[in-house]
Amino acid sequence: MIAELSFKLRQRISDWIFRARIPESPPVVLTQRRIFIIPSRTGYFFVFVLLLLLIASINYSLSLGFLLTFLLASMGGMSMLHTFRNLARLTIMPGRAEPIFAGEVAQFHLVMHNPGIVRFAVGIKRARLADAEPTFGDIPSAGANNFSIGIQATARGRINCGRIEIFTEYPVGLFHAWSYVDFGMTCLVYPKPDPGAGALPISSSDHGEGNIAAAGDEEFQSLRAYRVGDTMRQIAWKALAREQGLLVKEFGTTVSADLWLDYAMLDGLGSEQRLSRLTWWVLEGERTRVPYGLRLPTRAIAPSMGRQHRDECLEALAMFGVADSRGNA
């Protein structure tokens, strides 16, 4: 009950203080005005015990009781100061969230720079979720540490990290000090690839200028040096007999230079299933080194290859029919 009330209190404070600060511009320094502190659940119990000791000392006029009560109270006050200082002056920077596929876990990163002494047991978690799993770490003196929060991505588009709580209860757990940051961090989520799409739809190639060689098993392409893992069937035995060394045959197929992965050619499938199949083919195009283009009802990307081209195609598939501000948090 106390923990739930404490959580709601922290949320109301954050909503009031940070209502006009979203998203924030990095870096963020945790100054005195940004750090809040209240007793933890253990702290409330500690205060209750102190009150019992004080009442008993007054009732029975116990000098040693007064001494113990005020000694413990002063120790509690010092622990509050140390808890506050464990967050003070930390500098927070957002990290990059690498794109993922639907069904995977998005990792959002915060980098904390510490200009002072070592900070122990600093934790981060998603705000507004009472049962959010926290991540803890220490920050070395005059150093930095990278903290991450994982969020399950259930759908394509953009997943929003939302507000992050930075907190600590170091050194004795009597007080909970916290602050919030919200850099508006998002992560791009690609459609989940559908292995059922199979091989690239070579028959969908347009008539382009010239042909290109692609991986396959139809036509002999060339000989190359033997590599560990090559099968006995691939070895060029005639070349070996001519004392040309251990060579391996490479086979492939010839396709048009303009291979288009077209949304319209998957007629009869649902929109999400079409996008999943196109995602698989984009990955296959990169794996087999076949130049490919992408046609969607709202966009066309000319045939090409490479990491940049792949990312452009996957982003187009991820954001097809989805508003850029969509969140999944």
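**Strands, burial and surface**

Trainee: Which residue is the bridge partner of Thr91 in β5?

Mentor: Thr91 has His113 as its bridge partner in β5. Keep in mind that this is a predicted model.

Trainee: And what is the bridge partner of Ile92 in β5?

Mentor: That would be Met112. Both pairs belong to the β3 and β5 pairing, where strand β3 (residues 91-94) and strand β5 (residues 105-113) are joined by 4 bridges and run antiparallel.

Trainee: What is the strand order of the open sheet, then?

Mentor: The order is β1-β3-β5-β8, an open sheet of 4 strands with antiparallel pairing.

Trainee: Which are the edge strands?

Mentor: They are β1 (28-29) and β8 (144-152), and each of them pairs on one side only.

Trainee: Let me pick a residue in β8. How exposed is Gly150?

Mentor: Gly150 sits in strand β8. Its relative accessible area is 46%, so Gly150 is partly exposed.

Trainee: What does Gly150 touch, leaving out residues up to four places away in sequence?

Mentor: On that count, Gly150 touches Val105, Ala106 and Gln107.

Trainee: Changing topic. How many of the residues of strand β12 are buried?

Mentor: In strand β12 (residues 186-190), 4 of the 5 residues are buried, so the strand is mostly covered.

Trainee: Which way do β9 and β12 run, parallel or antiparallel?

Mentor: Strand β9 (residues 157-160) pairs with β12 in the antiparallel sense, over 4 bridges. Within that pairing, Ile159 stands opposite Cys187 in β12.

Trainee: And β4 with β12, parallel or antiparallel?

Mentor: Strand β4 (residues 100-101) and β12 run parallel, with 2 bridges joining them. Phe101 has Tyr190 as its bridge partner in β12.

Trainee: You mentioned Cys187. How many disulfides does the structure hold?

Mentor: It holds 0 disulfides. Cys187 is in no disulfide, and the nearest cysteine sulfur, that of Cys161, lies 9.9 Å away. The cut-off for a disulfide is a pair of cysteine sulfur atoms within 2.5 Å.

Trainee: Is Cys187 buried or exposed, and why?

Mentor: Cys187 counts as buried because its relative accessibility is 0%. Cys313 counts as buried as well, because its relative accessibility is 0%.

Trainee: OK, on to the helices. Where is Thr279?

Mentor: Thr279 is in helix α5 (residues 271-288). Its relative accessibility is 0%, so Thr279 counts as buried.

Trainee: What does Thr279 touch, again not counting residues up to four places away in sequence?

Mentor: Thr279 touches Phe101, Pro191, Pro193, Leu314 and Leu317. Phe101 is the residue from β4 that has Tyr190 as its partner in β12.

Trainee: How many residues apart are Thr279 and Phe101 along the chain?

Mentor: They are 178 residues apart along the chain, and their C-alpha atoms are separated by 9.7 Å.

Trainee: What about contacts across the protein, how much comes from residues 24 or more positions apart?

Mentor: Among contacts with a separation of 6 or more, residues 24 or more positions apart account for 70%.

Trainee: Why does Phe45 count as exposed?

Mentor: Phe45 counts as exposed because its relative accessibility is 54%, and the cut-off for exposed is over 50%.

Trainee: What share of the residues counts as buried?

Mentor: Of the 329 residues, 41% count as buried.

Trainee: Last one: how many helices and strands are there?

Mentor: The secondary structure comes to 6 helices and 16 strands.

Terms used
Residues numbered from 1 in each chain as written. Predicted model: local features only at pLDDT ≥ 70, side-chain atom pairs only at ≥ 80, totals over all residues. Heavy atoms only, no water. Buried < 20%, exposed > 50% of the residue type's maximum accessible area, 1.4 Å probe, protein only. Contact = heavy atoms within 4.5 Å. Pairing = 2+ DSSP bridges.
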